[in-house]
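Thanks for coming. I will take one structure today and go through it piece by piece. Please have the sequence and the 3D view open.

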Amino acid sequence: QVQLVESGGGLVQPGGSLRLSCAASGRFFSIYFMGWYRQAPGKQRELVATIDHGGSTNYADSVKGRFTISRDNAKNTVYLQMNGLKPEDTAVYYCSKGERPNYWGQGTQVTVSS
């Protein structure tokens, strides 16, 4: 059983930055495939970014150049640095484990508004 706990969401103005964190339980975090997804009101959950055990990353086109996913295996934590935030980035952001996610966090709200 793996538990994922997100933090770092909040209200930010357009153009601002936030860093989300996801702390994971488990002894084998370093080999986990991790990801961030988001779900806006009335929309389906969508992939934002992923990172594999080797540090290779993948991003949705809508966030490329603005968001950066990273991991700290010593802290069992994956991060999502979000810069240049736009109102359309407003969503609940979820941390996930697995290429076909089999574990999810509870989500953290990100609101981009002036």
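Let me start with a term: a residue is called buried when its relative accessible area is under 20%, exposed when it is over 50%, and partly exposed in between, using a 1.4 Å probe and protein chains only. By that rule Tyr37 is buried, because its relative accessible area is 15%.

Now the ground rules. This is a predicted model, where local features need pLDDT of at least 70, side-chain atom pairs count only at pLDDT 80 or more, and totals for chains, interfaces and linings use all residues. Residues are numbered from 1 along each chain as its sequence is written, and side-chain values use heavy atoms, with hydrogens and water left out.

First, the overall picture. How many helices and strands does the protein have? There are 0 helices and 11 strands. Helices (H or I, at least four residues) and strands (E, at least two) are DSSP runs, numbered from the N terminus. Read along the sequence, the pattern is therefore β-β-β-β-β-β-β-β-β-β-β.

On to the dimensions. The C-alpha trace spans about 40 × 25 × 20 Å along its principal axes. The radius of gyration is taken over C-alpha atoms, and the globule rule is 2.2 Å times the number of residues to the power 0.38. For 114 residues a compact globule would have a radius near 13 Å, and the protein has 13 Å, which agrees.

Of the 114 residues, 43% are buried. The accessible surface comes to about 6200 Å², and 46% of that belongs to carbon and sulfur atoms. Those areas come from the Shrake-Rupley method with a 1.4 Å probe; for residues, only the protein chains shown count as cover.

A contact means heavy atoms within 4.5 Å. Among the contacts with a separation of 6 or more, 52% are between residues 24 or more positions apart.

Next, the disulfide. In general, a disulfide is a covalent bond between the sulfur atoms of two cysteines. The working cut-off here is a pair of cysteine sulfur atoms within 2.5 Å. Which cysteines form one in this structure? The structure holds 1 disulfide, formed by Cys22 and Cys95, with their sulfur atoms 2.1 Å apart. Cys22 is in strand β3 (residues 18-24) and Cys95 in strand β9 (residues 91-97), so the pair links distant parts of the chain, 73 residues apart. The link is left-handed, with -80° about the S-S bond. Is Cys22 buried or exposed? Cys22 counts as buried, because its relative accessibility is 0%. Cys95 is buried as well, with a relative accessible area of 0%.

Staying in strand β9, we come to Ser96. Ser96 is buried because its relative accessible area is 1%. Leaving out residues up to four places away in sequence, Ser96 touches Leu4, Phe33, Met34, Gly35, Trp36, Tyr37, Pro101, Tyr103 and Trp104.

That list takes us back to Tyr37, which lies in strand β4.

Gly105 is in the loop between β10 (103-104) and β11 (108-112). What does Gly105 touch, beyond residues up to four places away in sequence? The answer is Leu4, Glu6, Tyr94 and Cys95. Gly105 is buried, because its relative accessible area is 12%. From Gly105 to Trp36 the C-alpha distance is 9.8 Å, and the two are 69 residues apart in sequence.

Strand β11 contains Val110, which is buried, with a relative accessible area of 0%. Outside four places in sequence, Val110 is in contact with residues including Gly9, Leu18, Leu20, Met82 and Tyr93.

Two loop residues remain on my list. Pro41 sits in the loop between β4 (34-39) and β5 (46-51). Pro41 counts as exposed because its relative accessibility is 74%. Pro41 and Thr90 are 49 residues apart in sequence, and their C-alpha atoms are 8.9 Å apart in space.

Asn76 is in the loop between β7 (67-72) and β8 (77-82). Asn76 has a positive phi of about 50°, although it is not a glycine.

That is my list. I can take questions now.
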